[in-house]
Amino acid sequence: MSDAIPTIAEAGRQIAAKELSPVELTRACLARLHALDGELHAFVHVTEERALAEARAAERVITAGGPKGPLHGIPIGLKDIVDTKGIPTTCGSKFLQDNIPDTDAACTEKLAAAGSVLIGKLTTHEFADGGPSFDLPAPPARNPWNTAHFTAGSSSGTGAAVAAGLILGGIGTDTGGSIRGPAALCGIAGIKPTYGLVSRAGVAPAAYSLDHIGPMAWTAEDCALMLQALAGHDPRDPASASRPLPNFTALLGGGIKGLKIGVIHHFHEVDHKVSDGTRRGIDSALATFRDLGAELREVQLSPLPDWAACGSLISITERAAAYEEWTRTRLGDFSERMRSRLMLGALVSGVDYVQAVRRRRELRAELQQAMKGLDVVLTATQPSEAAKIDEVPKWDLFDRPNFTMPFNVAGYPAISICAGFGAGGLPVAIQLVGKPFQEPTLFRIADAFEKATPFRGERPALVTARAAA
Amino acid sequence: MRSDINDSALDYLLARAGLDLTNEQKVELKTVHVALAEMAERVRKPRGRMAEPAHGYGFAEEDLA
């Protein structure tokens, strides 16, 4: 096979046509992993023998009767807060270094049932919060576009591994932006689906009412293919939605002429002013959408710090409750950054929490009202290109309201896609937000943008240099 | 707007949370307390006592079986 890294959609078509062997595809991913992960630290556990066995099994089945779907034989990875039966699941923490689950998480089961090939477990901030940390058992993941820089988190390993082609897709989790942030800084696509669409069963909690599980991949189309396998009701998750599933790729290729995109300019131009590079990426994206026939409208919401305050108070409190026992008895065993986050729980009262949850209802109603007559809204995903990994502020939470938390607060689906590159050569991104359970529309618009722009044609230099060597 | 937290108030909150922190950790918490208190003020709006929180409680199919 060639050195080009296929998307899931491309590989799936080639596998179905018997032009690509799942074994060769898996070997190519493993070869890149062995060449690059010493620098990237995207993986904490590689399941090489299992992956090759799964790939061989997939090849046998496909040869005999064709693939069971577009993920059959596709190499993937799972964030290391996702339970995997018989495979270490450490949550990036000293607490769980010897933890080997005896059951799979719901998303693990679903991706396995779809025939995907598990390459291994991916680096995460400890229990999906607080990084980058240098005092954990494993080092933080590095950005493939420049390894001196941060990936964002907490699905840091998934972002790095997908961008570098060590896997074709992976699982991230998102409590305030942990899928969309790494997707943005690593130049890939990542979707936080509607709250309740993908089961959280078997995934370590960060904050119960804000936690979402979702796919990260090179393109929006690949995310749609993965979401098709992941979505669905699960009685093990008390928040799981019970409703018919759409075909998530049904609207791809339909064009976006006449669709209405609301732009929340004040989020990224006033409330938290983005860098010049990110601003250029957003403005250029808006011009592209206009050229493709979409109608742009201005949207006004409550200031970003209102959303951040609501989400942060809920997140701090629910996390403190989830990890209270260890916080009380073994606080020193957490990383320094996680420890500091957990300590905050002592400063939030029960009344503060309930007021935040009451505010949440108001903010969600506000977004619902603002989106009437619109198909999606748009803002930044991240304020700038990735910072250097040793210059990430510890108290970002208070210093800079993030662009992703509002849609965890609302539970609305939101996707980050690459919108170009900044002056430093690192990716910049836009975030598109849909109405609940309207992921097909999000994918339609994101896919149209990716196909109209050249950014999916460029992989990190580190990857192309190794391929040429 | 709530102001800086004093040592005895912080000690009370930490004791209630079951946390035994070093002096350095207490100093750090005090530095971020104001920002956290500002967040707590931001979520308070004149909404009256009837405004419900976002979380509802519904019966599952299993309850109805």
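Q: In which loop of chain A does A:Ala128 lie?
A: In this predicted model, A:Ala128 has a positive phi of about 65° although it is not a glycine. A:Ala128 is also buried, with 30 other C-beta atoms within 10 Å. Its place in chain A is the loop between S3 and H5.

Q: Is A:His41 buried or exposed?
A: A:His41 lies in the loop between H2 and strand S1 (43–46) of chain A, and its phi is near 55°, a positive value in a residue other than glycine. Because 20 C-beta neighbours lie inside 10 Å of A:His41, and 20 or more is what a buried residue needs, A:His41 counts as buried.

Q: How many of the eight residues of helix H5 of chain A are buried?
A: The buried residues of H5(A) are A:Ser156, A:Gly157, A:Thr158, A:Gly159, A:Ala160, A:Ala161, A:Val162 and A:Ala163. Just after H5(A), A:Gly165 takes a positive phi of about 75°. Helix H5 (residues 156–163) of chain A is therefore largely enclosed by the rest of the structure, the count of buried residues being eight of the eight.

Q: What distance separates the end C-alpha atoms of helix H13 of chain A?
A: Helix H13 (residues 350–370) of chain A has 21 residues, and at 1.5 Å a residue these should span 30 Å. The model agrees with that expectation, because the distance between the end C-alpha atoms of H13 is 30 Å.

Q: Which element supplies the largest share of the side of chain A that touches chain B?
A: The contact takes 30 residues from chain A and 26 residues from chain B. On the side of chain A, at least two residues come from each of H10, helix H11 (324–329), helix H12 (336–343) and H13. By class, this side of chain A has 16 nonpolar, six polar and eight charged residues. The largest share, 10 residues, is that of H13(A).

Q: What is the handedness of the crossing of H10(A) and H13(A)?
A: The axes of these two helices come within 9 Å and cross at roughly 135°, which means that H10(A) is oblique to H13(A). H10(A) contributes A:Asp306, A:Trp307, A:Cys310, A:Leu313, A:Ile314 and A:Thr317 to the contact, while the residues from H13(A) include A:Tyr353, A:Val357 and A:Leu363. The contact of H10(A) with H13(A) has eight nonpolar, one polar and four charged residues. H10(A) passes H13(A) in a crossing that is left-handed.

Q: What is the handedness of the crossing of H2(A) and H17(A)?
A: Helix H2 (residues 22–40) and helix H17 (residues 461–468) of chain A pack at an angle of about 120°, with their axes 11 Å apart, and that angle makes H2(A) oblique to H17(A). Where they meet, H2(A) brings A:Arg32, A:Ala35 and A:Leu36, and H17(A) brings A:Leu462, A:Val463 and A:Arg466. These contact residues divide into four nonpolar, no polar and two charged. The crossing of H2(A) and H17(A) is right-handed.

Q: Which residues is A:Arg456 in contact with, leaving aside its neighbours within four places in sequence?
A: A:Arg456 lies in the loop between helix H16 (439–452) and H17 of chain A, and it is partly exposed, with 19 other C-beta atoms within 10 Å. The C-alpha atoms of A:Arg456 and A:Cys418 are 8.0 Å apart, although 38 residues separate the two along the chain. Leaving aside those sequence neighbours, the contacts of A:Arg456 are A:Trp218, A:Thr219 and A:Glu450.

Methods:
Residues are numbered from 1 along each chain as its sequence is written. Chains are lettered from A and ligands numbered from 1 in the order in which they are written. This is a predicted model: local features need pLDDT of at least 70, side-chain atom pairs count only at pLDDT 80 or more; totals for chains, interfaces and linings use all residues. Helices (H or I, at least four residues) and strands (E, at least two) are DSSP runs, numbered from the N terminus. The expected span of a helix is 1.5 Å times one less than its number of residues. Two residues are in contact if their C-beta atoms, placed from the backbone, lie within 7 Å. Ala, Val, Leu, Ile, Met, Phe, Trp, Tyr, Cys and Pro count as nonpolar, Asp, Glu, Lys and Arg as charged, and the others, Gly among them, as polar. Axes are lines fitted to C-alpha atoms, for helices over the stretch in contact, and angles run from 0 to 180 degrees between N-to-C directions. Angles under 35 degrees count as roughly parallel, over 145 as roughly antiparallel, 65 to 115 as roughly perpendicular and the rest as oblique. A crossing is left-handed if the near helix is turned anticlockwise from the far one by less than a right angle, and right-handed if clockwise. A residue is buried if 20 or more other C-beta atoms lie within 10 Å of its own, exposed if 12 or fewer, and partly exposed in between; C-beta atoms are placed from the backbone.
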